[in-house]
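Work through the exercises below with the sequence and the model in view. Each task is followed by a solution in steps.

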Amino acid sequence: MNRIKYANPLLLDGEATVVVENNVRLYDGDQKTSFEGGELIITTHRILWGRPGQIARGQTCLALHLYLVVFLEEESPSAFSFSRSRKVVVHLTETNDSSNGPQLTSIYNFIKLSFREGYTNNVLSILNDLLQNRPWEPKVLQVPVQQRPIVPTIKPRLGIVGIERSIQAKQKETDESITLAFQDLDKLMVMAKDMVNISRTISTKIKEKHGDITEDETVRFKSYLLSLGIDDPVTRDSYKSDNQYYQSLARQICNFIQKHIEEMGGMMALTDVFCWVNRARSLELLSPEDILNACKIMESLDLPIKLFQFSSGVMVLQLSSLDSLSIAEATAILVEDKQSMSAEELSQSLGISLTLAKERLLTAEKYGKCCRDDSIEGLRFYPNLFLTREE
């Protein structure tokens with residue numbers, strides 16, 4: 001901005017108006033300035049900027065001489081930008097004259113012209129033509145071709161300007177790559193469904209294995225394949241009402257998660273259900289609210305699993321055949337086999353979360369199947385000998 005001066009808008013000798021644009025903002029490098037919403041006039045000699053009607057009334061405006069311009073480029077908008085604004089970056093040569101201007105010093109060697117509503121004329125092309133023809137320079141007589149001296153080509157040393165231009169080019173390439181990546185998402189979703197079908201086919205073949213693979217390896221590999229995804233996820237767009245959507249979603253969640261719940265002792269925390277289901281759905285992710293609403297109606301649909309909430313507020317999906325008493329009895333048997341158990345030990349034994357293990361122990365205590373011992377070593381649960389032994 002220290003190259004811009006206050007000037008009289010009257011045209012100089014040999015100067016002519018080329019382009020007029022409205023609603024233009026000036027930037028000092030990447031920093032916004034208070035010079036916004038103004039009128040921009042490009043002449044054969046200068047770039048003039050003033051408030052609406054200011055230049056027409058002959059009042060003092062801002063002026064930038066074109067001989068200070070090194071090169072121009074248009075700033076590429078972000079791939080996520082929906083603005084109509086277009087920016088022209090004007091790279092400037094260094095100068096020691098910083099007087100008679102709105103800003104005495106600047107750390108930038110460029111300014112930006114921001115056309116908030118776009119520009120009606122090809123400003124960048126017009127400015128480049130002016131820089132090439134240099135109409136502000138006095139015309140000289142043409143030297144015959146055979147007598148023209150050979151002037152060696154000297155590449156300008158751009159310094160920081162060259163680095164900034166290189167960074168802009170890399171940013172443009174990155175934005176283009178991101179745009180192409182988003183265009184390929186639809187193809188990726190189609191391929192994901194095919195991969196799920198392939199995984200199910202392989203799982204079926206492994207089930208009927210005829211080789212040296214062990215049983216543990218078969219189960220593990222099959223679980224990996226089954227966790228790849230749901231081949232036809234239920235989406236809200238496919239249904240006219242929320243009720244139909246939640247019913248279909250509840251059935252799909254049940255079909256997918258039932259086997260995992262059976263392997264974990266008949267119960268799974270709702271937070272774990274959220275993670276398992278969304279990992280399987282890949283790109284068609286569900287919100288916690290949708291999963292909760294679907295789980296709430298499972299019992300009314302007579303599905304093999306249902307939503308259950310402990311007295312502490314922890315919610316789980318459990319097999320419909322389970323109730324609080326059966327959970328307490330099953331937990332009491334485990335505690336009796338080990339003589340005593342903590343929540344951490346039960347969690348490791350059943351492969352469930354620590355929160356869920358503690359809730360099972362508290363349920364067993366509630367029904368009198370276990371007794372607690374809360375000491376400095378932590379909370380442990382023991383069999384209730386008053387029920388199992390006689391005096």
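This is a predicted model: local features need pLDDT of at least 70, side-chain atom pairs count only at pLDDT 80 or more; totals for chains, interfaces and linings use all residues.

**Exercise 1: A sheet and the helix across it**

Task: Give the strand order of the open sheet of 3 strands that contains E13, and say which helix lies across these strands.

Solution. 
Step 1. The order is E13-E15-E14, and the pairing is antiparallel.
Step 2. E13 (341-342) and E14 (370-375) are the edge strands, since each pairs on one side only.
Step 3. Follow E13 to strand E15, residues 378-383: the two run antiparallel and are joined by 2 bridges. Serine 342 stands opposite arginine 380 of E15.
Step 4. Helix H8, residues 324-338, lies across E13, E14 and E15 and runs at about 95 degrees to E15.

**Exercise 2: Glutamate 73**

Task: Decide whether glutamate 73 is buried or exposed, and find what its side chain contacts.

Solution. 
Step 1. Glutamate 73 is placed in strand E7, residues 69-75.
Step 2. Its relative accessible area is 16%. The cut-off for buried is under 20%, so glutamate 73 counts as buried.
Step 3. The side chain of glutamate 73 makes a polar contact of 2.8 Å with the side chain of histidine 91.
Step 4. Leaving out residues up to four places away in sequence, glutamate 73 touches Lys87, Val88, Val89, His91, Leu124, Arg165 and Gln168.

**Exercise 3: Packing of helix H5**

Task: Describe how H5 packs against H7 and against H6.

Solution. 
Step 1. Two values are needed for each pair, because packed helices are described by the angle between their axes and the distance between the axes.
Step 2. For H5 (residues 242-263) and H7 (residues 288-296), the angle is about 85 degrees and the axes are 8 Å apart. Angles from 65 to 115 degrees count as roughly perpendicular, so H5 and H7 are roughly perpendicular to each other. On the H5 side, Tyr245, Tyr246, Leu249, Ala250 and Ile253 make the contact; on the H7 side, Asp290, Asn293 and Ala294 do.
Step 3. For H5 and H6 (residues 270-281), the angle is about 105 degrees, with 11 Å between the axes. H5 is therefore roughly perpendicular to H6 as well. The H5 residues in this contact include Leu249, Ile253 and Phe256, and those of H6 include Val273, Trp276 and Val277.

**Exercise 4: The whole chain**

Task: State how many helices and strands the protein chain has, and what share of its residues is buried.

Solution. 
Step 1. The chain has 11 helices and 15 strands.
Step 2. Of its 391 residues, 36% are buried.
Step 3. Its accessible surface is about 24,400 Å², and carbon and sulfur atoms account for 52% of that.

Methods
Residues are numbered from 1 along each chain as its sequence is written. Side-chain values use heavy atoms; hydrogens and water are left out. Two strands pair if DSSP finds at least two bridges between them. Helices (H or I, at least four residues) and strands (E, at least two) are DSSP runs, numbered from the N terminus. Contact means heavy atoms within 4.5 Å. Axes are lines fitted to C-alpha atoms, for helices over the stretch in contact, and angles run from 0 to 180 degrees between N-to-C directions. Buried means under 20% relative accessible area, exposed over 50%, partly exposed in between (1.4 Å probe, protein chains only). A polar contact is a pair of N or O atoms within 3.5 Å; within protein, one must be able to donate a hydrogen and the other to accept it, and residues adjacent in sequence count only if both atoms are side-chain atoms. Accessible areas come from the Shrake-Rupley method with a 1.4 Å probe; for residues, only the protein chains shown count as cover. Angles under 35 degrees count as roughly parallel, over 145 as roughly antiparallel, 65 to 115 as roughly perpendicular and the rest as oblique.
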